[in-house]
Amino acid sequence: IFTVLKSGESYCRLEEAPNEEEMDPMKVLMRPHNIQIQTLLSMFGCEDPSLRSLKSQLMQIRTGEGKSMILGAASTVLGLFGFGVR
């Protein structure tokens, strides 16, 4: 999962840059924090492969660790699998 920090135009300029040093992809794309990936995997039951359904989850995420990003990613995944997301 990657997100474009500024706009899609910034990402498109990567292909048009004359040299590699001019546009560094790591400055344009933001990578998720490890805790965000770990939380999503835990929410979807990847820690216990014997689970057949999503169970209720209560997780504590500290300030600045991207609660909105976690909820957005979870909503996207659930929406792609056909769940109702509001």
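**Figure 1. Buried residues of helix α4 in the predicted model.** In this predicted model, the buried residues of α4 are Ile70, Ala73 and Ala74. Viewed down the axis of α4, these residues fall within an arc of 100°, so they line one face of the helix. An α-helix has 3.6 residues a turn, so residues three or four places apart point the same way. The buried residues of α4 pack against α3. On the face turned away from the buried side, α4 carries the exposed residues Ser68, Leu71 and Leu80.

Figure 2. Helix α4 comprises 14 residues. From its first C-alpha to its last it reaches 20 Å, close to the 20 Å expected at 1.5 Å a residue. Just after α4, Gly82 adopts a positive phi of about 95°.

**Figure 3. The two sides of helix α3.** Gln36, Thr39, Leu40 and Ser42 are the buried residues of α3. Their directions from the helix axis fall within an arc of 165°, so the buried residues of α3 line one face of the helix. The cover over these buried residues includes α4. Asn34 and Gln38, by contrast, are exposed on the other side of α3. Just after α3, Gly45 takes a positive phi of about 80°.

Figure 4. Gln36 belongs to helix α3. The residue counts as buried because its relative accessibility is 6%, which is under the 20% limit for that class. When neighbours within four places in sequence are set aside, Gln36 is in contact with Glu65, Gly66, Met69 and Ile70. One of these contacts, Ile70, is itself among the buried residues of α4.

**Figure 5. Glu47 in the loop between α3 and α4.** Glu47 lies in the loop that runs between α3 and α4. Its relative accessibility is 56%, so Glu47 counts as exposed; the limit for that class is over 50%. Apart from neighbours within four places in sequence, Glu47 is in contact with Leu41 and Ser42. Of this pair, Ser42 is listed among the buried residues of α3.

**Figure 6. A nonpolar surface patch that includes Leu54.** Leu54, Phe81, Phe83 and Val85 make a nonpolar surface patch of about 430 Å². Leu54 is situated in the loop between α3 (34–43) and α4 (67–80). With a relative accessible area of 46%, Leu54 is partly exposed, because this class lies between the buried limit of 20% and the exposed limit of 50%.

**Figure 7. The whole chain as context for the close-up views.** The secondary structure of the chain comes to 4 helices and 2 strands. Along the sequence, these elements follow the pattern β-α-α-β-α-α. The chain has 86 residues, of which 19% count as buried. Among contacts between residues at least 6 apart in sequence, 53% join residues at least 24 apart. The chain exposes about 7,400 Å², and carbon and sulfur atoms supply 55% of that area.

Technical notes
Residues numbered from 1 in each chain as written. Predicted model: local features only at pLDDT ≥ 70, side-chain atom pairs only at ≥ 80, totals over all residues. Heavy atoms only, no water. Patch = residues over 30% accessible without salt bridge, like charges linked within 9 Å, V, L, I, M, F, W, Y side chains within 5 Å. Areas by Shrake-Rupley, 256 points an atom, 1.4 Å probe, with all protein chains shown as cover. Salt bridge = Lys/Arg side-chain N within 4 Å of Asp/Glu carboxyl O. Buried < 20%, exposed > 50% of the residue type's maximum accessible area, 1.4 Å probe, protein only. Contact = heavy atoms within 4.5 Å. Arc of directions from axis to C-beta. Expected span 1.5 Å × (residues − 1).
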